[in-house]
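Trainee: I have a new structure to look at, and I would like to learn how to read it. Could you walk me through a few features?

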Amino acid sequence: MVTGHVYPEAERKLPQYANKTPRAVFRNLGNGVFEELVEAAGPGVAADIQSRMRFRDFDNDGDVDI
């Protein structure tokens, strides 16, 4: 999961909404529970960063692909 927001200038007016935030990494244990894995993912993953994800229908079948 990625976090942060699109407008870095917003942080100047609203410092409680940081532009760069740590990523979140979870494993689905399959029983309605998720295990946090950010420590196991390594220091580069846990660093504060501005990240984005894009969703698109790459194969034009009407379903959103990641």
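Mentor: Gladly! Keep in mind that this is a predicted model. Let us begin with salt bridges.

Trainee: How many salt bridges does the structure hold?

Mentor: The structure holds one. Here is the general idea: side chains of opposite charge can pair when their charged atoms come close.

Trainee: Which side chains meet in the salt bridge?

Mentor: Those of Arg-27 and Glu-35, with 3.2 Å from N to O. The pair counts because the cut-off is 4 Å between the side-chain nitrogen and the carboxyl oxygen.

Trainee: What share of the residues in the chain counts as buried?

Mentor: Of its 66 residues, 12% do. As for the surface, the chain exposes about 5,500 Å², and 55% of that comes from carbon and sulfur atoms.

Trainee: Which residues is Tyr-17 in contact with, leaving aside its neighbours within four places in sequence?

Mentor: His-5 and Glu-11. Tyr-17 and His-5 are twelve residues apart along the chain, and their C-alpha atoms are separated by 8.2 Å. Ala-18 is 13 residues from His-5 in sequence, with 7.7 Å from C-alpha to C-alpha. Ala-18 itself counts as partly exposed, at 27% relative accessibility.

Trainee: How do contacts look across the chain?

Mentor: Take the contacts between residues at least 6 apart in sequence: 34% of them join residues at least 24 apart.

Trainee: One last feature: the backbone angle phi. What should I look for?

Mentor: The general idea is that most residues other than glycine have a negative phi. In this chain, Asn-60 has a positive phi of about 55°, although it is not a glycine.

Trainee: Where is the place of Asn-60, and is Asn-60 buried or exposed?

Mentor: Asn-60 lies in the segment after strand E4 (48–49). With a relative accessible area of 68%, Asn-60 is exposed.

Definitions and conventions: Residues are numbered from 1 along each chain as its sequence is written. This is a predicted model: local features need pLDDT of at least 70, side-chain atom pairs count only at pLDDT 80 or more; totals for chains, interfaces and linings use all residues. Side-chain values use heavy atoms; hydrogens and water are left out. Buried means under 20% relative accessible area, exposed over 50%, partly exposed in between (1.4 Å probe, protein chains only). Contact means heavy atoms within 4.5 Å. Accessible areas come from the Shrake-Rupley method with a 1.4 Å probe; for residues, only the protein chains shown count as cover. Helices (H or I, at least four residues) and strands (E, at least two) are DSSP runs, numbered from the N terminus.
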